Structures are given as structure tokens and as C-alpha cells.
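Please find below a short note for a colleague who is new to reading models of this kind. The points are meant to be read with the structure in view.

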Amino acid sequence: MATKYSELELALNTLVTEFHKAADNGPTMNTTQFQTMISNQMPAITKTVENEEGLGKVLEQMGVQSGQSISFENFWKLINNQALQLFGTMHKEKGTKCTCLLQ
């Protein structure tokens with residue numbers, strides 16, 4: 001019998017799968033691969049990383065040093081930030097606030 005996965009489990013699998021696909025199945029990706037992944041998979045922040053200044057700010061928020069490759073740990077920080085922003089946007093009318101923090 002095939003295992004049935006929840007929407008959350010499928011979403012987590014998608015995050016990992018898309019990271020590795022963008023990184024050509026490697027453990028890290030370069031900024032060009034990152035920008036391509038963002039433009040294909042995260043259109044809400046595509047404009048932010050289109051120019052060098054915006055890309056630099058996003059990489060800094062992710063903890064990526066200049067010239068450093070982007071690890072899944074770095075990517076996860078971006079996911080945390082985007083999840084909080086998206087939740088805030090989608091639940092603004094309800095007055096619900098998320099205080100989830102990545103440690």
C-alpha cells in the first residue's frame with residue numbers, strides 16, 4: 001500500500017526537490033542558479049533579486065557571504081522570511097499575526 005502524505009509533507013518535499021533541482025543536484029547553488037529558481041518558483045520576490053542591490057540584500061538576510069555558495073540552510077532562512085510575510089499578507093484582514101521565529 002502506498003503511503004499517503006499530507007499537504008505539509010508534500011510541500012516540504014517540494015522545497016527540498018526544487019532546491020536540489022536548481023543546484024543541479026549539488027549541496028549548494030550559485031547566485032545565478034538561485035536567481036533562476038526564484039524567478040521560476042517564487043514570483044512574489046522575483047523583482048527583489050533582479051538587480052545586484054536587491055540580490056545582495058536577500059543574500060545577506062540569508063546569511064550568505066560575498067562569493068559564498070547558497071546552502072539549503074541559507075535557503076531555509078529565506079523560506080522562513082517569506083512564510084511570515086505571506087502569512088501576514090493572507091491573514092491581514094483577520095488581524096492574525098504570526099510570531100514564528102527561526103532560531
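The numbered points below cover the basis of the model, an aromatic pair and a pocket.

1. This is a predicted model, in which local features need pLDDT of at least 70 and side-chain atom pairs count only at pLDDT 80 or more, while totals for chains, interfaces and linings use all residues. Residues are numbered from 1 along each chain as its sequence is written, and side-chain values use heavy atoms, with hydrogens and water left out.

2. The structure holds four aromatic pairs, where rings of Phe, Tyr and Trp (its six-membered ring) pair if their centres lie within 6.5 Å, and planes under 30 degrees apart count as stacked, over 60 as edge-to-face and the rest as tilted. Phe19 and Phe72 form an edge-to-face pair, at 5.3 Å centre to centre and with 90 degrees between the planes. Phe19 lies in helix H1 (residues 7–22) and Phe72 in helix H4 (residues 72–90), so this pair ties together parts that are 53 residues apart in sequence; helices here are DSSP runs (H or I, at least four residues), numbered from the N terminus.

3. Phe19 is buried, with a relative accessible area of 0%, whereas Phe72 is partly exposed at 25%; buried means under 20%, exposed over 50% and partly exposed in between, with a 1.4 Å probe and protein chains only.

4. Ring pairs also link Phe19, Phe72, Phe75 and Trp76 into a cluster.

5. H4 gives the most to the lining of the largest pocket, with ten residues. A pocket is an open set of points on a 1 Å grid over the protein atoms alone, where a 1.4 Å probe fits, with protein on both sides within 12 Å along at least five of seven lines, and lining residues have an atom within 4 Å of a point.

Key: Helix = DSSP H or I, 4+ residues; strand = E, 2+ residues; numbered from the N terminus.
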